[in-house]
Amino acid sequence: MERILNYIGGSLVPPRSGRFLDNVNPATGQVYSHIPDSDASDVAEAVAAAQQAFPDWAAAVPEVRFRILNRIADLIEADLESFALAESNDNGKPLSVARSVDIPRAVSNFRFFATAAMQFASEAHPMPGQAVNYTLRQPLGTVGCISPWNLPLYLFTWKIAPALAAGNCVVGKPSELTPMTAFLLAKVCIEAGLPAGVLNIVHGLGPSAGQAIVEHPSVKAISFTGGTATGRHIAATAAPMFKKLSLELGGKNPSIVFADCDFEQAVSTAARSAFSNNGQICLCGSRIYVQKPIYEQFRDELVRRVSALRTGDPLAADSDLGALVSRSHWEKVQGYLALAKEEGGRILCGGELIRPEGRCSEGFFLSPAIIEGLDAQCRTNQEEIFGPVVTIQAFETEEEVLQWANGTDYGLAANVWTQDLSRAHRVAERLQMGIVWINCWMLRDLRTPFGGVKHSGIGREGGWEAIRFFTEPKNVCVKYGK
Ligand code: TXE
C-alpha cells in the first residue's frame, strides 16, 4: 500500500517516529494509503530547513520565483489526471469536479501569484522639499500554512503560492483526511527545481503536527482555513507570541431570493450553491430565503431539481455528488438531520443514506436534503453543518430577510437575487459578510479580497491582500531638505 512521505529540506522522508496513519477513501470506506503521523520533531526539522533556505529565496530576483512557480503550475497541469484522481480518492468528490474545478484552480493559483511576484510594487510618500518615505515590504521568514479537506489542493496552494511569491519559506500541513495531492505537489516541486527547504510539507494530525507549527517560535505567521473552533484555538496559541494570523473559518451563508429575480438563474444557482461538493464548501448557501409571492413555485422547482441529482461512485461519469469526506463527518451531518426534525423541520427531499452497488457499498453517502418549516433562530439555521443539508424559508420584506441573514455568528458570504439595481446595492451594503454575490455565486477574480467577518475569521486572502499578509512593511524616511 502506498506510503505518503513528508517533504522536508527538498527530500521525501518518513516521520521521525516511524508512525503512520490510515488514509481512508470515503467512497469505499477502505484504507488505501498511509500518511506520516508527524510530531513536533518533524516540524522542528522542517522549520530548520526553511530557516536555512530563507536568505537565498528572499534575496532571489523576482524572475526566479516567477519561473519556478510557473513551472510548478505547468507540471501540475501536465499531470492533471493523477492529481484529480488523488483528490477524488481522498475526498470522495466526483472525479469530474476535481478535474474541472479543483486542480485547474490550483494551477491558476500558482500562475496568478507567479505573476504577482513580478508585478509587486511598493508605495512612496514624498514630503515635498523635506524628505521621501518609501515602504519596503519584506518577507516574514518562515510561515505556516494549514489547510482543510474540502478543497484540498485548491486551498493549500491558495496559501502556499502567495507566501512563496512574496519570498517566504513555508512549512505547510494539509488536512490528514486529504493528504495525497500535497504529496504529489511535493514531487512536482522537486521536479520543478524549487530549492530545498523553500517549501516543506509535514503530514499528520492537527493537535500534534498542526499545533507544533502554530507553537514554533520561528514561524512568523499562520495562514489557516478550517473550522471555527480550531481557528479560535489557533488564535489563542498564536496571539501571545504576536504572530500574524489569517483565519478563514466557517460560514452559514444565506441565499436571498427576491420575487423580482430571474427565476431560472436563481433556482439553478441556488441548487448549485447549496450542494456543490456536497455542501462542503465554506461559501455554500445553506439558508435559502425566498420572498413570499414566488415561494411555493421556487421551493417546488428547487426540490424537483435537487431530487434529480445523482449521488454515487465519484469515479462514475454520471455522479453529480460523491461521498462525504469521512465517517465522523457523515455521522455529524446525519445528527443535524435528526436535530432539524426535532426542531420541527419537514424534509422535502433527500436525507437518505445511499448504498451504491459494487465498490462503494461501504462509502459515506447521503442524498441532498432540503428542509422546510424552521425559523431563523433554531440551531439548524445557526450552526455550520457543512454537508448536503439546507433549509428554505419564506420572507416578506427586505428588512426581515436582512435581520435573518445577519442573525448568525458567521459572516462569510451571501448571494442575492433581484433585478432591482437600487435594492441590490442597498442589501449588499447592509449584509454583514466579507463577500456578497449579486445574481451569481462563486464568480471569483483572484485579485479580490477573500474572507469573512465575525466568527468567519480575520484577515483576507487573495491578490495583493495575500502578498501584504505575507510581508512586513517597513517605512524608510530619507531627509534631503535642510
Ligand atoms: O476541521 P479542522 P475539521 C468546518 C466544518 C467542519 C468543521 C470541522 O464545519 O465540520 O470545520 O472540520 C488542522 N493546530 N470546516 O475537523 O479541525 C487539521 O489537521 C493546528 C470549514 O476537519 O479545523 C486540518 O489540517 N492545526 C472549513 C485543519 O486544521 C490544527 C473547511 C482543518 O481542520 C489543529 C473545513 C491545531 N490545534 C472544515 N487542529 C472551511 N471554512 O472551508 C486541527 N488542525
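1. Which residues in H9 meet which residues in H10? The model is a predicted one. On the H9 side the residues are Phe-263, Glu-264, Ala-266, Val-267, Ser-268, Ala-270, Ala-271 and Phe-275. They meet Gln-297, Phe-298, Glu-301, Leu-302, Arg-305 and Val-306 in H10. Sorted by class, this contact of H9 with H10 has nine nonpolar, two polar and three charged residues.

2. Next, the geometry of this helix pair. Helix H9 covers residues 263–275 and helix H10 covers residues 295–307. Their axes come within 10 Å and cross at roughly 50 degrees. H9 is therefore oblique to H10, because angles under 35 degrees count as roughly parallel and 65 to 115 as roughly perpendicular. The crossing in which H9 passes H10 is right-handed.

3. Turning to the strands, an open sheet is formed by three of them, in the order E6-E7-E25, with antiparallel pairing. At the edges are strand E6, residues 124–127, and strand E25, residues 471–479, each of which pairs on one side only. From one strand to the next, the twist averages 20 degrees.

4. How many bridges join E7 and E25? Strand E7, which runs over residues 131–139, pairs with E25 over nine bridges, in the antiparallel sense.

How values were computed:
Residues numbered from 1 in each chain as written. Predicted model: local features only at pLDDT ≥ 70, side-chain atom pairs only at ≥ 80, totals over all residues. Heavy atoms only, no water. Pairing = 2+ DSSP bridges. Helix = DSSP H or I, 4+ residues; strand = E, 2+ residues; numbered from the N terminus. Axes fitted to C-alpha atoms, helices over the stretch in contact; angles between N-to-C directions. Parallel < 35°, antiparallel > 145°, perpendicular 65-115°, else oblique. Left-handed = near helix turned anticlockwise from the far one by under 90°. Contact = heavy atoms within 4.5 Å. Nonpolar A, V, L, I, M, F, W, Y, C, P; charged D, E, K, R; others polar.
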